[in-house]
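Thanks for asking me to look this one over. Here are my notes, in numbered points, to read with the model open beside you.

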Amino acid sequence: MKKGQINVQTENIFPIIKKFLYSDHEIFLRELVSNAVDATQKLRVLSSSGEFKGELGDLKVEVILDKDARTLTIRDNGVGMTADEIDKYINQIAFSGAEEFVQQYKGKEGAEQIIGHFGLGFYSAFMVAERVQIQTLSRHEGSQSVQWESNGNPEFTIEEIEKKDRGTDIVLYIAEDSLEFLEESRIRGILDKYCKFLPIPVVFGKETIKQDDPSGEKDEEGNPKKIDVEQERQINNTAPAWTKSPSELTDEDYKSFYHELYPMTFEEPLFHIHLNVDYPFNLTGILFFPKIKENVEVQRNKIQLYSNQVFITDSVENIVPDFLTLLHGVIDSPDIPLNVSRSYLQADSNVKKISAHITKKVADKLREMFNKDRKDFESKWNDLKVFVEYGILSEDKFAEKAEKFVLLNSTEGGFYTVEEYKEKIKASQTDKNDKVVILYTNDKDGQYSFVKSAKERGYDVLEMNSPLTPHFISKLEQTDTDISFARVDSDSLDRLIQKEEELPSKLTKEQEEAIKPVFEEAVDKVKFTVQFQSMSEKDAPIIITQPEFIRRMMEQQKLGGAGFMGAFPESYNLVVNSNHPKISSLVEVEDEAVKKNTVKQLADLALLSQGMLKGEALDKFIERSIELV
Ligand SMILES: Nc1ncnc2c1ncn2[C@@H]1O[C@H](COP(=O)(O)OP(=O)(O)OP(=O)(O)O)[C@@H](O)[C@H]1O
């Protein structure tokens, strides 16, 4: 047997790093600015541990665009590098000086905030530059400044230069195919996206601000005169709200941070959760609950993922549980790697732990709000319900906890937990098979007559009109097999909540069969099935129902999630109340035309009461009604 070591040829691996390491070329700026921030943070750590004795000065990172020279420079006044350090950290790909530093200074304040991990980030510069220079002066006293240069061949040169200030300039000579990175607006956009909350000031370009005139001159109204002053434009807020402790922040601070995150959103969030975990992983962040209205989709992709205040991504699907993507806010964890690829992120075990933790925190927060101030919780319920229902449907762990605070809303106005509601209606709405039948409407006005009849019988009707209702109630039925849900218009009340006693019918089976064809003729036979039922005389002569099961399946299918059933044809029951005087007296009518007309009119009225009478049929109905008047 022979042992060996796989040999990596730099010439071959280099193009791969350049082209494929990051799918998005703009990432190079995030990497270089992160390195510059690291370099200044390191200096802070060294200074506080007494190893660096010089002046820190104003630590900052500058991004400088020179369109004429076609260069983009990232400048810092951090630790700098000696020629030896360049050799060690830059010339050896995938040897991370950052990782080495963190190991060495473990436990020292600030050391954990170092961003780099892999020792690859610097080379992302070659995704956009045809030539890169590092001009650097190390923090060590009496150091010689040096310049490293390479066109990514991968040969490099290193030479002594004159550089007075401590720190590093990374100079990118932008390549022909990447000229977009010489546009000020493009660079500004990238910095805004990735660097908005970095812990060291990052400046780019200039801005004009108004300042009191130092000469002390006053305007006409006697106020200090303002003059325009040009100053460096700082991109970032170095101490964003999530890095502070909740006790330092007021509700207003949270709201203004929300608007800092989403400048284009005007609505206020409902409430927030401040995350702060040290163990078993590090995580900070603030999650905001937006008002979730009907449309679930537009809300997504608002959570921003950061690692040590460096923006990573805002498409967090598959990283946090699906239902959490409805929330807004920031999650920051140094344990989330600055990603090499998305699939890497998804597979990362820390990322998985983090998402389980957030799910738990969110459920706990809702539970706490419910327990602490139920009235307030109820007042927010309309905005919360889609989120909670979605959570229950998609995460079993969340569902277990949410059982205690998910609310049902009666059309009479009250809010009940499932347990409370069951208790409330048990006496009147338990059927002969001991099922507690929960009646609901998704459209109080559209199903008005059904809701009214149910109430006249002493039943309660819930209002359930979220887009997730069909899935949600199926889930509740699975969890508690003692209950079943039925929309008020899905059958006659006698059938929906079957009791022992059945009313006797005023018509014999033969009589029903004899007049049935007249009803069948009055409506579209494919869509409607005619049935006779002995209901109360006070109920309507005809009602149109749509069986709960089929309708729910159709709705679930529309939402996605029950696609296996194939398309359902629209189908309804035309339920004829054999005890209604208008129906029972039909058998005595001799004149066929009168009989037909009466049935047609009654059927149309039933359709009309449900908004199902349209077009030509409606027009004919009106004509016939005028005739009758
Ligand atoms: N501006 C800089 N000032 C001082 N040292 C730097 C600077 N940029 C890079 N370095 C050194 O070069 C090393 C390699 O940088 P590189 O970006 O390739 O990797 P990294 O930052 O360690 O990890 P990552 O790939 O996660 O960014 C750094 O760890 C650091 O020691």
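1. A word on burial to begin with: a residue counts as buried if 20 or more other C-beta atoms lie within 10 Å of its own, as exposed if 12 or fewer do, and as partly exposed in between, with C-beta atoms placed from the backbone. By that rule, buried residues make up 35% of the 629 residues in the protein. Please keep in mind that this is a predicted model, in which local features need pLDDT of at least 70 and side-chain atom pairs count only at pLDDT 80 or more, while totals for chains, interfaces and linings use all residues. Residues are numbered from 1 along each chain as its sequence is written.

2. On the overall make-up, the protein has 19 helices and 21 strands. These are DSSP runs numbered from the N terminus (helices are H or I of at least four residues, strands E of at least two). Of the contacts between residues at least 6 apart in sequence, 70% join residues at least 24 apart; a contact here is a pair of C-beta atoms, placed from the backbone, within 7 Å.

3. Where is the largest nonpolar core built from? A nonpolar core is a set of buried Ala, Val, Leu, Ile, Met, Phe, Trp, Tyr and Cys residues joined through C-beta atoms within 7 Å. The largest has 108 residues, and Val33, Ala125, Leu172, Leu191, Val202 and Leu439 have the most contacts inside it. Helix α2 (residues 27-48) gives the largest share, 11 residues. A second, separate core has 22 residues, including Phe532, Ala540, Leu602 and Ala606.

4. Leaving out residues up to four places away in sequence, Val33 touches Val61, Ile74, Cys195, Leu198 and Val202. Val202, with the neighbours within four places set aside, is in contact with Val33, Val61, Val63, Leu191, Cys195, Gln234, Ile235 and Asn236.

5. Next, a helix pair. Helix α9 (residues 374-394) and helix α13 (residues 469-479) pack at about 55°, with their axes 10 Å apart. That angle makes α9 oblique to α13. Axes are lines fitted to C-alpha atoms over the stretch in contact, and angles run from 0 to 180 degrees between N-to-C directions; under 35 degrees is roughly parallel, over 145 roughly antiparallel, 65 to 115 roughly perpendicular, and the rest oblique.

6. Which residues of α9 and α13 meet? Glu389, Ile392 and Leu393 in α9 meet His471, Phe472 and Lys475 in α13. Leu393 also has Leu468 among the residues it touches, and is partly exposed, with 18 C-beta neighbours inside 10 Å.

7. Arg70, in the loop between β1 (61-66) and β2 (71-76), has a positive phi of about 55° although it is not a glycine. Arg70 is partly exposed, with 18 other C-beta atoms within 10 Å. Asp434 lies in the loop between α11 (418-429) and β16 (436-441), and its phi is also positive, near 70°. With 7 C-beta neighbours inside 10 Å, Asp434 counts as exposed.

Technical notes:
Contact = placed C-beta atoms within 7 Å.
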